[in-house]
Amino acid sequence: MIVLFWACALVAIASGIWTIASRQPVHSVVGLIVNFAALAILFLTLSADFLAMMQILIYAGAILVLFLFVIALLTIGSAPIETGRGRLAFQAAPSVAAGIAALVIMGAGLRVAWSPTAAGPLNDLGSVANFGQQLLTTHVFAFEATAFILLIAIVGVVMMAGRKELRF
Amino acid sequence: MPQVPLNLYLELSAVLFIIGVIGFLLRRNPITMLMAIELMWNAGNLAFVAFARNYIDMSGQVFAFFVITVAAAEAAIALAIVVMVFRRRENADVDDISIMRG
Amino acid sequence: MANFFLSAAPLILFFPLIGAATIALFGPYVHRSASAFIGCLSVGLSFLLTVGVAFVILPLPLAQQAQFDHSHFVGYWAHIPPYLIISFRLLLDPLALLWMLIITGVGLLIHVYSVGYMAESKNYRTFFSYMNLFVFMMLLLVMSDNFLWLLVGWGGVGLASYLLIGFDYERPIAVLAARKALIMNVIGDVGIMIAMFLMYAHFGSVSFQNVFNNPAQIGTSALSWIGIWLLVGAVAKSAQLPLQTWLPDAMEGPTPVSALIHAATMVTAGVYLIARAHPIYDNAPLAAEIVAIVGGVTAIFAATIGCVQYDIKRVLAYSTMSQIGYMILAVGVGAYAAGAFHFMTHAFFKALLFMAAGLVIHAIGGEQDIRKMGGLASKLPFAFWTFLIGAIAISGIFPFAGFFSKDDVLDAVLTFHHPVLFVCVLVAAGLTAFYMFRLVFLTFLTGPYRGTHEVHADADRTMTVPVAILAVLSVVGGWFVLPHHDAIAAMLRGSFSDAPLPQAAEFNVGLTFGVLALALAGIAFAWAAYQWRPQIATALHRSLSGLHDLLFNAYYVDVLYDWLFQRPTYALALWLRDTFEVDAITALPAAGVRLGAALGELANRWETGYLRRYGLTFVVGAALLLFLYLFLSHGSAAGAAP
């Protein structure tokens with residue numbers, strides 16, 4: 001199992017770096033798909049069966065396809081974006097430094113503050129049945145609220161993208 | 001089969017998160033920046049699921065599920081904004097847009 | 001019938017309050033005579049109930065009397081067991097009853113007198129509302145069974161006094177006098193508060209029962225401090241040295257106010273307080289001696305000033321101060337019954353003197369200067385005779401009321417073996433007779449009328465009847481001690497059964513005749529200097545002009561206080577206003593504004609509107625917060641995690 005973890009971890013990190021390093025947005029999407037797949041396998045090792053499924057279905061299947069659509073619709077034939085120095089090029093070094101500093105702090109925090117407890121019996125943690133029961137009993141309010149948020153998002157997107165002469 | 005320690009998952013989560021952060025800070029293409037944000041969401045999710053496994057508590061997984069849902073909504077709205085930006089101007093470098101100044 | 005009076009006892013307290021509220025709320029909607037009627041009625045009902053209660057309680061044997069001490073539970077002021085429980089019960093012991101009788105009885109007479117005296121005032125209704133409020137507060141003061149409610153009444157009478165001294169609020173001098181009285185009285189209130197804090201610290205309670213049960217248990221030193229702080233309160237309220245300067249100025253109030261508040265009742269609250277707190281003073285001889293010294297010195301101090309004043313009401317004010325000095329001296333030497341007795345007779349004759357003087361002032365258009373009076377006996381015979389009765393009574397001439405009570409006080413002082421104090425009050429007795437008859441001669445007898453205002457002898461019956469009743473009381477008020485010398489002590493025995501001294505002082509025939517002779521000498525000297533040979537007065541005035549100025553300006557105490565307190569305070573206030581405020585108070589916020597603006601400018605530079613700039617800021621901030629939380633909050637978060 002530890003081997004599987006390391007394999008997935010390395011794939012996830014590599015694909016993550018690939019995602020943010022690619023000049024072409026389409027390449028980034030491909031990197032992200034690989035990343036999500038690796039995460040889905042990690043979810044399986046954490047006995048989150050249902051979530052692993054959702055990771056593939058929603059993220060890879062829906063969200064990233066949305067990204068692809070936007071890229072396909074908008075950037076064909078337009079000028080490449082990241083050519084030449086950006087206006088905030090000087091910010092690159094501090095940004096990387098801040099990110100690494102945050103990572104060090106988090107890692108050190110995990111070492112200092114976190115001492116995990118031993119896991120108990122698994123039962124059927126993360127199974128579809130268990131998940132569904134939790135979702136519709138304990139967390140039913142959050143579930144309904146999420147539905148409402150999605151509705152608002154749909155309405156908002158239609159309002160914004162569907163109008164032509166919005167000026168800013 | 002040896003159990004993978006919780007800390008390893010959490011550290012992986014931290015690394016993925018920081019990759020997302022650095023990507024967000026370095027890239028100028030709004031679509032790539034959004035993908036960096038998606039990376040951060042997923043890093044968080046990994047931590048949630050790892051905790052859920054550690055404590056045998058479904059709440060962590062359910063929360064991750066909600067995160068996925070909200071991430072979907074966020075992506076949809078953000079991409080709608082990007083669409084509008086692209087409609088308005090050919091070049092959508094975020095550094096060229098400074099109307100957020102009050 | 002007995003039960004009826006006892007169960008109605010709380011109404012004694014609340015009738016005047018209801019009266020005050022009724023007049024205040026509905027006065028403007030009814031005829032002005034209705035306000036006066038309500039004002040008199042409420043006090044009258046209180047008086048009738050008080051008489052009833054007194055006749056029920058006073059004849060009872062001692063053991064039965066005691067059960068009425070704390071009989072009526074009205075409510076809790078604070079109920080935080082076991083730390084603080086302050087209830088409010090009515091106290092109906094003989095001492096309280098005596099004060100209640102005088103407050104409601106003399107109060108009723110003065111209310112009736114005010115109906116005529118204040119007839120031309122445009123704030124007629126307000127006046128009766130304030131007067132009723134005063135009676136309520138004064139009753140609250142004497143009927144309370146703990147120091148807290150006593151202090152409420154104490155402050156309340158101070159408020160009523162303030163309102164009534166400044167009743168003619170269009171005259172700046174009256175407003176200033178009211179303010180002065182209030183400030184002086186608040187010094188006393190603070191003194192009582194400190195005494196209460198000490199009591200709470202030592203006894204854990206401020207109720208009379210708990211404090212007086214065994215006061216010696218906390219040691220003489222602590223007890224002395226309690227006694228001294230209580231004395232501060234008594235001194236301020238009773239206008240004793242060194243807080244006496246407000247009383248003469250308080251004469252700016254209408255004459256009925258002077259009679260009721262600044263002669264008969266409120267200013268004797270200090271006497272009541274010390275008599276009430278007698279278990280403290282009995283066990284703290286030092287504090288008691290200070291009380292006696294304050295009283296004795298004030299008695300002669302005020303009497304000397306009274307000899308040279310020209311304002312008729314100011315003379316009476318200094319006389320009040322002096323007579324209260326007698327009472328304070330009496331309670332200071334442990335002769336509580338004698339002090340209470342003198343309070344009673346003094347209430348009669350001093351109210352009478354003020355009201356008779358009020359008749360004169362009323363008749364000659366508000367003039368108070370005795371140099372502009374004279375020869376009024378024929379024009380105002382009623383005022384003359386009543387004033388004369390009052391003057392004889394206060395001088396202590398047999399068989400008028402003042403004779404008996406003053407004799408009691410002097411007998412007690414004699415047994416105290418304090419020669420200086422004894423001489424003080426003896427001289428004061430002679431001076432009292434002198435300055436009172438100086439008033440009688442200058443106002444009513446010598447020469448023709450010197451004033452310019454026409455004399456209107458038109459006092460109506462509401463004014464003359466109360467004066468007549470008080471005149472009768474001033475004559476017969478002391479007679480009930482004739483059959484038994486210790487009658488007053490017997491009446492009050494329920495309140496002073498635990499006092500160490502016998503309350504009926506040794507009767508001393510030689511002293512009695514000696515004082516009588518002194519008083520007669522004072523009268524004779526007044527007659528000689530102002531009636532028989534006026535040149536004696538002029539000659540004295542010329543040869544002793546330095547002394548005269550000293551006395552006329554009341555030993556320059558006001559000037560002293562002006563230099564000691566008022567000017568430094570004023571200078572400090574000026575400095576604070578002109579220097580401190582400009583340099584510190586105003587400059588500081590201005591500097592703060594500049595700093596804020598500079599910081600804002602700095603922050604503004606960072607706000608570029610670029611998304612990635614905000615992102616970087618956000619990440620740095622989040623990393624910092626994480627760092628702070630993990631490594632700096634309570635040392636380390638390591639201990640917080642499971």
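Reply: Start with pairing. Two strands pair if DSSP finds at least two bridges between them. Keep in mind that this is a predicted model.

Me: What makes strand 1 and strand 2 of chain C a pair?

Reply: Set the count against the cut-off. At least two bridges are needed. Seven bridges join strand 1 of chain C to strand 2 of chain C, so the two strands pair. They run antiparallel. Three residues lie between them, and together they form a hairpin.

Me: Which residues are bridge partners of Ala78(C) and His79(C)?

Reply: Ala78(C) is partnered by Ile86(C) in strand 2 of chain C. For His79(C), the partner in that strand is Ile85(C).

Me: Why is strand 1 of chain C said to lie largely in the open?

Reply: A buried residue needs 20 or more other C-beta atoms within 10 Å of its own. Strand 1 of chain C has nine residues, and the number buried is zero, so it lies largely in the open.

Me: Why is Val128(A) called exposed?

Reply: The limit for exposed is 12 or fewer neighbours. Val128(A) has 11 C-beta neighbours inside 10 Å, so it counts as exposed. Val128(A) sits in helix 5 (residues 128–136) of chain A. Leaving out residues up to four places away in sequence, Val128(A) touches Asp49(A) and Phe50(A). Its C-alpha atom is 9.8 Å from that of Met53(A), which is 75 residues away along the chain.

Me: How do you know that helix 2 of chain C has close to its expected span?

Reply: Compare two lengths. Helix 2 of chain C covers residues 9–26, which is 18 residues. From first C-alpha to last it reaches 26 Å. At 1.5 Å a residue, 26 Å is expected, so the reach is close to expectation.

Me: Where does helix 2 of chain C bend?

Reply: At Phe15(C), by about 30 degrees. A proline, Pro16(C), follows within four residues. Both Phe15(C) and Pro16(C) are among the buried residues of helix 2 of chain C, as are Ile12(C), Leu13(C) and Gly19(C). The buried residues of this helix pack against several elements of chain C, including helix 1 (2–7), helix 3 (32–57) and strand 1 (72–80).

Me: What makes the largest nonpolar core a core?

Reply: A core is a set of buried residues of nonpolar types, joined through C-beta atoms within 7 Å. The largest one has 218 residues. Phe134(C), Leu139(C), Leu329(C), Ala351(C), Leu352(C) and Val360(C) touch the most other members. Helix 17 (residues 336–363) of chain C gives the most to this core, with 21 residues.

Me: Which residues does Phe134(C) touch?

Reply: Beyond residues up to four places away in sequence, Phe134(C) touches Val157(C), Ala160(C), Leu164(C) and Ile261(C).

Me: How many residues of chain B are in contact with chain A?

Reply: The test is C-beta atoms within 7 Å. In chain B, 65 residues are in contact with 74 residues of chain A. Helix 3 of chain B gives the most to that side, with 22 residues. The side of chain B that touches chain A divides into 47 nonpolar, nine polar and nine charged residues.

Me: And what does chain C contain overall?

Reply: Chain C has 29 helices and two strands. Of its 642 residues, 51% count as buried.

Definitions and conventions. Residues numbered from 1 in each chain as written. Chains lettered and ligands numbered in written order. Predicted model: local features only at pLDDT ≥ 70, side-chain atom pairs only at ≥ 80, totals over all residues. Bend = angle between axes of the 7 residues up to and from the residue. Contact = placed C-beta atoms within 7 Å. Nonpolar A, V, L, I, M, F, W, Y, C, P; charged D, E, K, R; others polar.
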